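Please examine the sequence and model shown here before reading the briefing that follows.

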Amino acid sequence: MHRSVGHSDSSFAEVKVGIESGISHVTHLFNGMRGMHHRDPGVAGAALLQKELKVEMIVDGVHASPEMIRLAYHSTGPERTILITDSMRAKGLGEGTYTLGGQQVTVTGDEARLTDGTLAGSILPMNIAVKNMMDYTECSWSDIVKITSENAAKELKTFERKGSLSVGKDADITVLTEDCNVLTTFCRGELVYHRKGERV
């Protein structure tokens, strides 16, 4: 069973108890959770210090600053980081008004917010998350493969089919250009997207 902590006001000590009960994952670091304090590192501090935890990061420059992402990645590294988007339905559709779970969401620039100003997921494409992560942390392409594919597949117990390129796996592949634009996508070995004007 997959157990995660997120959107939680738990203390550091409470998270450690949770780990003993099977928590292995942190849902989008820093967001909706108790932050770090010098007398109680809280959920965020536990995410950085506890080696048992895989840690999701939304790297859009909105949910957490580049500096906090760099600080977090210094602790979690490529072995414990899972890069996610937490994108909602407005991703790729431009500025405007949308809905999320029956609530009105306004997209302006790179932000999606509820009427009270609360962040409502993101509109972050994964390739931009990759570019940001490389810019913020100077991580390598091999690190990117781990934090976008391998770690998530292992955490979700699907690594026998997903997360790496091996004989017998599903052959879900995305090819990026050096500047992180999507060039080609294969789904189960079938070409499903190729950028216009580029050679296959």
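**Structural briefing**

This is a predicted model, in which local features require pLDDT of at least 70 and side-chain atom pairs count only at pLDDT 80 or more, while totals for chains, interfaces and linings use all residues. Residues are numbered from 1 along each chain as its sequence is written, and side-chain values use heavy atoms, with hydrogens and water left out.

**Sheet**

- Strand β9 (residues 182-187) pairs with β10 in the antiparallel sense over 4 bridges; two strands count as paired if DSSP finds at least two bridges between them.
- The open sheet consists of 3 strands in the order β8-β9-β10, with antiparallel pairing.
- Its edge strands, β8 (173-176) and β10 (190-194), each pair on one side only.
- From one strand to the next, the twist averages 15 degrees.

**Overall architecture**

- The protein contains 5 helices and 10 strands; these are DSSP runs numbered from the N terminus, with helices (H or I) of at least four residues and strands (E) of at least two.
- Along the principal axes, the C-alpha atoms fill a box of roughly 55 × 45 × 30 Å.
- Of the 200 residues, 42% are buried, where buried means under 20% relative accessible area, exposed over 50% and partly exposed in between (1.4 Å probe, protein chains only).
- Among contacts (heavy atoms within 4.5 Å) between residues at least 6 apart in sequence, 53% join residues at least 24 apart.

**Helix packing**

- The axes of α3 (residues 66-80) and α4 (residues 126-137) come within 9 Å and cross at roughly 75 degrees; axes are lines fitted to C-alpha atoms, for helices over the stretch in contact, and angles run from 0 to 180 degrees between N-to-C directions.
- The two helices, α3 and α4, are therefore roughly perpendicular to each other, a class that covers angles of 65 to 115 degrees.
- Pro66, Ile69, Arg70 and Tyr73 in α3 meet Met133, Tyr136 and Thr137 in α4.
- The residues of this contact divide into 5 nonpolar, 1 polar and 1 charged; Ala, Val, Leu, Ile, Met, Phe, Trp, Tyr, Cys and Pro count as nonpolar, Asp, Glu, Lys and Arg as charged, and the others, Gly among them, as polar.

**Ser11**

- Ser11 lies in the loop between β1 (4-5) and α1 (12-20).
- Ser11 counts as buried because its relative accessibility is 13%.
- Leaving aside residues up to four places away in sequence, Ser11 touches Arg34, Asp40 and Gly42.

Methods:
Angles under 35 degrees count as roughly parallel, over 145 as roughly antiparallel, 65 to 115 as roughly perpendicular and the rest as oblique.
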